[in-house]
Amino acid sequence: PDAGQRQMLLHERKPKNKNEMLLVRLKTIFRKMHHGIDEFDLIVNEIIALASMLYQDIVPDHELHFVKIAKKEREKRQEITLLSGNRTSKREDLEDLVSLYKQAIQKHKFEKGYAACHFYLDFMQLKPFQAHNETIGLLVFYLLLLASDYRCFHLDSFFTRLFSQEKAFRKARQEALINYNEGVSNAIPLHRLMLELTISSYQEAQEMIRNYTYDHQHNKSDYIENTIKQLSDVFTKEDIRLKHPTVSDSTINRTLKRMKEEDSIRPLGTGRSAKWMKVPKKAKTNPTQMTLNFKEKNS
């Protein structure tokens with residue numbers, strides 16, 4: 001919601017601090033994801049490059065190093081399986097996880113989104129890096145969804161929808177990991193939530209496409225007015241932009257000004273972050289003519 005951050009994202013403005021630097025780098029990362037998704041191939045080096053692209057020179061280098069497996073943990077692993085007993089770093093575990101995911105996709109064992117959910121859950125339990133596993137895990141999860149042909153997220157924001165359902169997301173993740181340590185994890189709760197978000201996103205994308213088509217065939221101002229009537233009683237210009245991404249600010253401002261003059265809406269505050277309020281329609285009165293019935297009195 002910060003106007004300065006919005007301007008920095010919309011225009012090439014140099015970041016002034018580490019938070020702004022992270023924001024600009026996320027923008028670059030998302031661009032790379034969307035433009036190169038058809039050629040994407042999941043390998044550990046890609047995950048390392050993603051982490052480095054986001055955090056290099058922002059956090060201490062050691063935070064992006066792989067977690068080392070302590071001797072006690074190696075001995076514990078040795079009791080379970082001979083294959084993993086000699087490992088000293090979680091990088092090898094991540095290599096195995098990537099390999100298992102790719103096998104599942106190539107052999108068509110699971111729906112791609114379901115396999116992506118499993119990868120995300122395993123990644124979060126593995127916690128391969130010293131820090132920032134939450135953010136890196138979410139970005140890789142998003143990347144896998146894009147690669148799984150969830151193309152609605154090219155038009156509608158996945159993270160906006162995800163964080164609008166943050167409590168449900170964390171609950172689904174928790175339910176999926178109840179029996180993880182016993183080797184009986186269940187990705188269905190998380191996958192179900194992802195499907196619900198995806199359906200909503202496809203519906204939003206369909207509306208955006210319809211609006212785009214309509215904007216090029218009809219009076220844009222009238223169509224924006226119709227959109228405003230369908231919004232909540234208090235709304236912002238950003239709400240209109242989300243519905244009409246191809247319409248210029250001047251057209252939106254012109255429509256708002258006209259509706260204000262018609263007393264259909266009123267501004268709440270000033271500036272870029274100002275909100276607008278719909279003016280309730282006055283109840284129509286239906287006056288009836290008074291009938292006076294004078295009767296002559298008989299004298």
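## About the model

Because this is a predicted model, local features need pLDDT of at least 70 and side-chain atom pairs count only at pLDDT 80 or more, while totals for chains, interfaces and linings use all residues. Residues are numbered from 1 along each chain as its sequence is written, and side-chain values use heavy atoms, with hydrogens and water left out.

## The whole protein

Let's start with the big picture. The protein has 13 helices and three strands; these are DSSP runs numbered from the N terminus, with helices being H or I of at least four residues and strands being E of at least two. Of the 299 residues, 37% are buried. Here, buried means under 20% relative accessible area, exposed means over 50%, and partly exposed lies in between, using a 1.4 Å probe and protein chains only.

How much of the contacts with a separation of 6 or more comes from residues 24 or more positions apart? The share is 62%, where a contact means heavy atoms within 4.5 Å.

## Cysteines

How many disulfides does a search of the whole structure find? The search finds zero, with a disulfide taken as a pair of cysteine sulfur atoms within 2.5 Å. Cys117 is buried, because its relative accessible area is 0%. Cys152 also counts as buried, at 2% relative accessibility.

## Two helices side by side

Two packed helices are described by the angle between their axes and the distance between the axes. Helix α2 (residues 18–36) and helix α7 (residues 133–147) have axes that come within 10 Å and cross at roughly 25°. That angle makes α2 roughly parallel to α7, since angles under 35 degrees count as roughly parallel, over 145 as roughly antiparallel, 65 to 115 as roughly perpendicular and the rest as oblique. On the α2 side, Leu26, Phe30, Met33 and His34 make the contact, and on the α7 side, Leu139, Tyr142, Leu143 and Leu146 do. The axes themselves are lines fitted to C-alpha atoms, for helices over the stretch in contact, with angles running from 0 to 180 degrees between N-to-C directions.

## Two residues of helix α10

Helix α10 (residues 188–215) holds Glu204 and also His191. Why does Glu204 count as buried? Its relative accessibility is 16%. Not counting residues up to four places away in sequence, Glu204 touches Asp156, Arg161, Leu242 and Lys243.

His191 is buried as well, with a relative accessible area of 12%. Leaving out residues up to four places away in sequence, His191 touches Glu111, Gly113, Tyr114, Cys117 and Tyr150.
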